[in-house]
Amino acid sequence: MMDEMLKIEGLRISFGDFEALHGIDLSLPKGKLIGLIGPNGCGKSTMMKCISKINKGWTGRIIIDGEDIGPMRPMDVAHRVANVPAEAGQTFGMSVMDMVMLGRYPFVNRVWWESREDERKVREALKAFGLDHYRRKQVSLLSSGEKQRALIAKAYVQEPKVMLVDEPTSHLDMKYKLNVMEYLKRMSRGDMTVLVAEHDISLMARYCDLCIIMKKGQVVGYGDPKTVVTEELIRDVYEVDARIGLDADGEIYVLPKTAIGD
């Protein structure tokens with residue numbers, strides 16, 4: 001693909017006797033929001049941790065914008081890949097601006113001292129994500145939706161080629177779910193590839209340009225969500241009978257009906 005950003009070839013990883021990924025092959029384009037869906041334990045988070053080299057010991061090749069990350073140092077990978085976790089974790093009284101500034105760490109040499117350029121980029125990100133008026137506020141005092149936006153802003157100032165987002169809407173109400181997905185959609189409209197692991201299939205189908213469906217460490221579907229997300233696939237992957245349709249605006253929705261088996 002001429003616009004390929006991320007290529008995965010024969011990706012495998014095992015934990016003891018358990019092989020978590022069974023030879024994943026994928027080619028993801030630039031400038032797209034891509035959903036990664038599948039049941040718990042299917043390998044979504046494991047694959048993303050391999051892409052960012054958090055997981056060690058995998059085999060195969062991961063190529064980002066034409067460069068094999070296999071031999072790269074963690075700091076070199078951080079120039080290309082940013083992670084957005086589902087939770088902010090311990091922030092120890094940290095302000096919003098300080099937390100977002102941590103996203104600039106790949107650009108710091110030896111002693112930490114943020115430059116005027118770092119500060120400019122962070123302020124621009126805070127304004128873009130509607131957080132500038134909270135910049136001196138403690139992260140722990142933010143709402144769940146605001147914390148998620150702050151985590152995305154932190155990854156954004158890292159200036160990655162690939163952004164990996166893990167369950168960004170899991171603790172958010174309806175309004176903030178939509179807000180976060182709008183931000184991610186907007187970010188993917190440059191050269192950045194945004195890969196989002198999420199359980200809300202309707203939300204992924206609504207916002208994502210492409211969807212990857214995983215089951216038991218393998219990719220079982222990849223493409224336009226209106227094509228690959230089918231009632232048969234939901235039954236096979238999730239063991240759930242569901243109805244899939246289009247609303248009045250032509251957007252796909254998934255309505256679970258009954259669980260199959262136990």
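Colleague: At what angle do helix 5 and helix 6 pack, and how far apart are their axes?

Modeller: The model is a predicted one. In it, helix 5 (residues 144–156) packs with helix 6 at an angle of about 10°, and their axes are 10 Å apart.

Colleague: Why are helix 5 and helix 6 called roughly parallel?

Modeller: Angles under 35 degrees count as roughly parallel. The angle here is about 10°, and the two helices are therefore roughly parallel to each other. Helix 5 passes helix 6 in a right-handed crossing. On the side of helix 5 the contact is made by Gly-145, Gln-148, Arg-149, Ile-152 and Tyr-156; helix 6 contributes Tyr-176, Val-180, Tyr-183, Leu-184 and Met-187.

Colleague: Which strands does helix 6 lie across?

Modeller: Helix 6 (residues 174–187) lies across strand 3, strand 7 (162–166) and strand 8 (193–197), and runs at about 125° to strand 3. Those strands belong to an open sheet of six strands, in the order 6-7-8-3-9-10 and with mixed pairing.

Colleague: What makes strand 6 and strand 10 stand at the edges?

Modeller: Strand 6 (81–84) and strand 10 (218–223) each have a single partner strand, so one side of each is left without a neighbour in the sheet. From one strand to the next, the twist averages 20°.

Colleague: How do you know that strand 3 and strand 9 pair?

Modeller: Two strands pair if at least two bridges are found between them. Four bridges join strand 3 (residues 33–37) to strand 9 (residues 210–215), and these strands run parallel. One of the residues involved is Leu-36, whose bridge partner in strand 9 is Ile-212.

Colleague: Why is Val-100 called buried?

Modeller: Buried means under 20% relative accessible area. Val-100 has a value of 0%, and therefore counts as buried. This residue is found in helix 3 (residues 96–101). Leaving aside residues up to four places away in sequence, Val-100 touches Val-122, Leu-126, Ala-150, Ala-153, Lys-154 and Val-157.

Colleague: Which residues have the most contacts inside the largest nonpolar core?

Modeller: They are Leu-33, Val-96, Phe-129, Met-163, Leu-184 and Val-194, in a core of 51 residues. A second, separate core has 31 residues, among them Ile-13, Ile-34, Val-162 and Leu-164. In soluble globular proteins, nonpolar side chains tend to be buried together.

Notes
Residues are numbered from 1 along each chain as its sequence is written. This is a predicted model: local features need pLDDT of at least 70, side-chain atom pairs count only at pLDDT 80 or more; totals for chains, interfaces and linings use all residues. Side-chain values use heavy atoms; hydrogens and water are left out. Axes are lines fitted to C-alpha atoms, for helices over the stretch in contact, and angles run from 0 to 180 degrees between N-to-C directions. Contact means heavy atoms within 4.5 Å. A nonpolar core is a set of buried Ala, Val, Leu, Ile, Met, Phe, Trp, Tyr and Cys residues joined through side-chain atoms within 4.5 Å. Buried means under 20% relative accessible area, exposed over 50%, partly exposed in between (1.4 Å probe, protein chains only). Angles under 35 degrees count as roughly parallel, over 145 as roughly antiparallel, 65 to 115 as roughly perpendicular and the rest as oblique. A crossing is left-handed if the near helix is turned anticlockwise from the far one by less than a right angle, and right-handed if clockwise.
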